[in-house]
Amino acid sequence: STDRIATARGGARFLRQFPQRPAAARYSAPGTCIWTCAMLINKAAVKALPYPITLLLFQTVGTVVILEAGKALRMLHYEGFRWEKGGKKFLGVSIAFVIPMVFNMMALEHVSVATVVVFRQVSTALVAVGEVFLFKKRFKTLVIVSILLGIMGSLEYGFSATDFKFLGYLYSFLYAVSMAINALYVKSIFDQLPQMSSWEKTYYQNLEGSPFLLMMALPLESI
């Protein structure tokens, strides 16, 4: 009886170790799945309506409308737009937020979703390099090896891909670079941003990113 209780307690202590360790893996897998599904939808949308920036504008405006509707129905809670609080601080973040999305959609016009996913791995490596030089961060050997393996896999895919188009690969590369710049820029000014909920940050990013997309769509995609 005593041995069983001790064993049960020991097992409980052992199991309690696991929720913290695999958390990143547990949340990254669904996140990657959702992100990939979103790209598949975007690929289909770009094929049906070949105006990637305009499609992004619809998405950002639609997001703002959905958030405002949720707020009106008291399903979501966040403060309204205030230039002094978040408008001025989020302006650069909003622009950095939409630029990778633009290159992503433009790349999907020319190459497959798999190719864009591969270039996403390049952005991970660029972020790691940026963190080493800008923030003096040090990575464990296993992290470095995993990044190098990802780069090697990306190169292998690039040499064997059947959907090679210079413009598509150029947009994909610009997407990877802008994603890395976005991540490093947001991290560098994160402490300067006001304390906001995730809904409020999403609201500001999409609201302030929409005029920027409109200014790009009008001269580039005159329908």
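At what relative accessibility does Lys137 count as partly exposed? In this predicted model, the value for Lys137 is 35%.

The secondary structure of the protein consists of eight helices and zero strands. Along the sequence, the order of elements is accordingly written α-α-α-α-α-α-α-α. The protein has 223 residues, and 34% of them count as buried.

Two salt bridges were found in a search of the whole structure. One of them links Arg82 with Glu79, with 3.0 Å between the closest N and O atoms. Both partners fall in the partly exposed class: Arg82 has a relative accessible area of 41%, and Glu79 has one of 39%.

A further salt bridge is formed by the side chains of Glu131 and Lys137, with an N to O distance of 3.7 Å. Here the partners fall into separate classes. Glu131 has a relative accessible area of 10% and is classed as buried because this value lies under 20%. Lys137, at 35% relative accessibility, is partly exposed. The salt bridge between Glu131 and Lys137 thus pairs a buried residue with a partly exposed one.

Terms used: Residues numbered from 1 in each chain as written. Predicted model: local features only at pLDDT ≥ 70, side-chain atom pairs only at ≥ 80, totals over all residues. Heavy atoms only, no water. Salt bridge = Lys/Arg side-chain N within 4 Å of Asp/Glu carboxyl O. Buried < 20%, exposed > 50% of the residue type's maximum accessible area, 1.4 Å probe, protein only. Helix = DSSP H or I, 4+ residues; strand = E, 2+ residues; numbered from the N terminus.
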